Amino acid sequence: MKSFTKSRNGFSVLVTGAARRRNGDIPSPPLLLLIGNNQTPLRIAASLRCYFDVSFPSSLVFFQWNREGTTKEATGATPLLISHCCTSILLVYTFINKPDLTEQPISVYEDWILILRGRILPISMETQSRTATSKFFFLLPRNLLLAYQSFGVVYGDLSTSPLYVYRSVFAVSLKHHQNPEVIFGAFSLIFWALTLIPLLKYTCIVLSADDSGEGGTFALYSLICRHARFNLLPNQQAADEDLSSYKYGCTGQPPSSSSLKRFLEKHKKSRTALILVVLLGASMVIGDGVITPAISVLSAVSALQVKGEGVALTHGQVIALACLILVGLFALQHFGTHRVASVFAPVIILWLFSIFSIGVYNVIHWHPKIVHAFSPHYIIKFFSQTRKEGWISLGGVLLSITGTEAMFADLGHFTASSIRLAFGFVVYPCLVVQYMGQAAYLSKNISSIPDSFYKSIPERIFWPVFAIANLASIVGSQAIITATFSIVKQCHALGFFPRVKIVHTSKHMFGQIYIPEINWILMILTLLITIGFQDTTLVGNAYGLACMTVMFITTFLMALVITFVWQKHVIFGISFLVFFWFIEGVYLSAAIMKLPQGGWVSVLLAFIFMFIMFVWFYGNRRKYKHDIHNKIQLKWLLNLGPSLGIVRVPGIGLVYSELATGIPSIFSHFVTNLPAFHNVVVFICVKYVPIPFVLPTERYLIGRVCPRPYRMYRCIVRYGYKDIQKDDRNFENQLIQSVAEFIQMEVAEPPSPPTSDTGSFDGRMAVISTRSNSGLIISESDPGESIIRPSTLRILKSSYDAENPQMSRRRVRFQLPPSSPAMDPAVRDELLQLVEAKEAGVAYITGFSYIKARKASSIMKKFVIDVAYSFLRKNCRRPAVTLHIPHISLIEVGMIYYV
């Protein structure tokens with residue numbers, strides 16, 4: 001199979017002989033060629049959507065690689081349309097002479113894609129080798145770059161734990177057991193904790209359970225829901241399961257897994273319990289976002305008085321300085337993860353190099369035999385001497401692994417390969433050597449335990465390391481702040497968190513986000529904890545409990561993923577669960593013992609955030625059930641006739657609701673009070689599905705609500721919880737093209753069998769690509785051109801555009817092509833009415849709802865609905881804002897819901 005290149009507009013394009021035979025020449029816009037076995041092209045397409053946030057007007061050809069070494073056009077592949085969104089041509093290709101390389105995991109293709117997106121590859125490829133050189137350019141630089149950035153975001157918290165771990169272990173419970181053997185045992189506990197949980201559990205296992213690049217508690221939950229019927233989300237449809245990225249792997253399951261799956265699906269209480277566990281884990285992560293900055297910054301500024309040379313800050317001054325630093329830290333967040341990481345990463349790298357060097361020095365200088373403590377035998381000797389006090393001291397040992405959960409929660413900001421690379425080759429060895437060096441020093445200087453880290457630093461380099469340690473402690477807060485943004489985004493998309501503003505801060509990395517409201521709430525709560533506790537030991541107790549609870553929940557969810565998603569035998573899931581629950585249960589029990597000494601804070605914060613999530617989910621679910629119960633019967637509309645018994649005025653009315661089927665009650669409420677409506681009606685349902693992203697070609701489901709003369713349609717717009725629901729100022733045009741395509745496609749399909757069921761009109765939906773051939777001629781219209789619209793409205797519209805230039809939309813005019821005998825007259829007439837309605841104008845109709853509990857409801861339900869849920873709805877972003885509806889075209893229909 002020979003390849004050739006051809007230059008067009010100064011760009012070099014690489015295609016194949018098969019593509020040339022199919023198209024005759026290189027298409028313009030450029031051709032994107034994907035080669036692979038089985039589902040590889042679809043998986044690459046999913047990765048492309050994950051990283052690109054662009055419009056896609058170009059063409060794409062899918063090819064599969066045969067074992068015989070030839071190519072064929074892929075069957076059943078959904079085209080993904082790619083544009084020249086960079087200054088260079090986008091191109092993805094495999095090594096043509098190496099068919100086995102097309103079997104690489106999807107992460108390899110993601111590396112290739114992002115390198116192209118980031119313009120790291122040279123544009124001209126004909127001179128490049130298709131073997132090691134290409135793999136180096138495609139794979140290594142991107143992972144190294146992301147691994148470098150991950151130091152400043154993911155590992156800041158984990159890498160600063162040596163500042164206070166030994167002090168926390170020996171502070172209270174082991175005051176009477178401070179001897180070399182106990183110190184050796186403490187190091188052995190720390191070493192095996194770092195090895196078993198961050199290295200074995202997270203790096204080797206949990207990071208492999210990413211949901212198309214997204215990590216965290218809700219990512220695991222969405223995976224489980226797609227492979228077992230545990231989903232409690234409303235308006236889900238069977239058509240959602242046909243999405244390309246909905247499921248992966250084989251469809252069969254071991255008999256033991258199937259029986260367990262049926263048992264759990266049968267009981268609704270098990271699904272409710274699962275979502276409560278997930279909410280608890282997400283709430284603990286958000287609580288970490290409050291506690292971590294407090295302990296990191298307090299430990300940094302408190303260390304200023306360790307030496308006492310030229311530094312004489314009072315306790316009040318230390319707290320004031322900590323608060324000032326916290327305000328500055330949260331103020332930096334709006335710059336975005338990639339900018340913050342680029343600034344913070346050198347600090348953490350320098351810090352890791354420093355503690356590694358100090359650890360090596362202390363091991364060699366003080367006690368080289370500390371290497372014997374790698375043996376678990378020293379753990380047995382530790383507990384034989386300390387007994388109950390040793391068990392309680394585990395609350396201090398677990399601080400050595402706090403921050404581990406950020407490796408998985410921040411996965412959406414980086415990749416699993418980059419996080420593994422950074423931890424396995426840099427972070428893990430540096431931490432082990434540092435803890436080993438501190439233990440070697442303390443075995444000869446037991447009196448230095450309260451300030452073990454700073455006392456173990458050689459005097460000549462004390463002040464440089466002291467400065468780096470303070471900077472690293474401040475940077476340590478970044479990991480959990482970033483993880484909090486990711487968790488809140490997932491909760492919001494899946495309907496468990498109030499509507500907030502989500503800002504995507506990077507064009508190159510899809511998952512990097514910033515949430516202003518959450519950022520400032522975290523800052524206020526962190527300042528309250530800093531001022532209220534003023535002690536790192538108390539805050540550390542709360543921190544350890546929160547982190548270990550998240551790890552405990554992650555282990556449970558991973559066992560379900562192994563069983564239901566990876567489809568392993570149930571014995572593997574149970575083994576994973578028992579092994580890690582035994583280890584984490586011991587640490588968690590020790591952390592619970594410290595509830596009175598500050599641990600209650602993490603429980604209180606988790607309860608507050610969990611209550612907010614539960615109230616929001618419960619209120620929305622009750623509202624959705626009310627909509628389902630009170631939706632209009634289609635028979636009522638059919639009895640009214642095509643005119644609906646009202647005046648049909650020119651234009652298109654877009655009626656927004658959460659219903660995926662049926663007519664929402666706001667429509668009847670509107671026409672009852674104002675007996676006039678638009679000629680064309682489209683019922684819009686914007687919903688999220690439990691997958692990270694939905695391909696643009698699968699986003700729109702179009703159907704007809706009533707018979708053809710009614711001119712009533714339904715459009716379901718589907719997003720993944722990782723998708724950007726942004727105002728591309730082109731939604732109206734995409735909708736018109738999709739409806740036009742549906743009208744023409746409907747004629748080509750065989751008619752449905754006659755039935756008396758009026759619901760047959762509402763339910764037949766078709767997936768319409770927003771780039772499909774709609775058969776309409778599209779042209780740019782002159783902003784000043786007069787169209788079919790009242791002069792008063794034209795004046796108001798032009799005045800609004802002048803005052804809000806950033807909100808002005810692209811004006812597009814649709815026209816029908818010249819009459820053709822092949823087109824059905826009824827179809828042409830319907831398309832003509834659609835175009836004329838678009839020219840007349842588009843109105844957006846949404847519900848302005850008030851939710852109230854029924855009078856007969858319990859006191860608790862009245863508090864939840866009338867007080868808590870009402871407060872959240874009034875203080876979150878309005879639906880019209882999150883849907884990016886133009887204010888000048890908005891009509892809100894007031895509704896009162898008694899639930």
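Arg704 and Glu746 form a salt bridge whose closest N and O atoms lie 2.5 Å apart, a salt bridge being a side-chain nitrogen of Lys or Arg within 4 Å of a carboxyl oxygen of Asp or Glu. The pair links distant parts of the chain, 42 residues apart, with Arg704 in strand β10 and Glu746 in helix α27 (residues 731–748); helices (H or I, at least four residues) and strands (E, at least two) are DSSP runs, numbered from the N terminus. Arg704 is buried, with a relative accessible area of 6%, whereas Glu746 is partly exposed at 22%, where buried means under 20% relative accessible area, exposed over 50% and partly exposed in between (1.4 Å probe, protein chains only). Arg704, Arg708, Glu746 and Glu830 are linked in a network of salt bridges.

The model is predicted, so that local features need pLDDT of at least 70 and side-chain atom pairs count only at pLDDT 80 or more, while totals for chains, interfaces and linings use all residues. Residues are numbered from 1 along each chain as its sequence is written, and side-chain values use heavy atoms, with hydrogens and water left out.

A salt bridge also joins the side chains of Glu584 and Lys201 (2.6 Å, N to O). This pair connects helix α23 (residues 570–592), which holds Glu584, with helix α7, which holds Lys201, across 383 residues. Glu584 is buried, with a relative accessible area of 0%, and Lys201 likewise counts as buried at 0%.

In helix α17 (residues 416–444), 21 of the 29 residues are buried, so the helix is largely enclosed by the rest of the structure.
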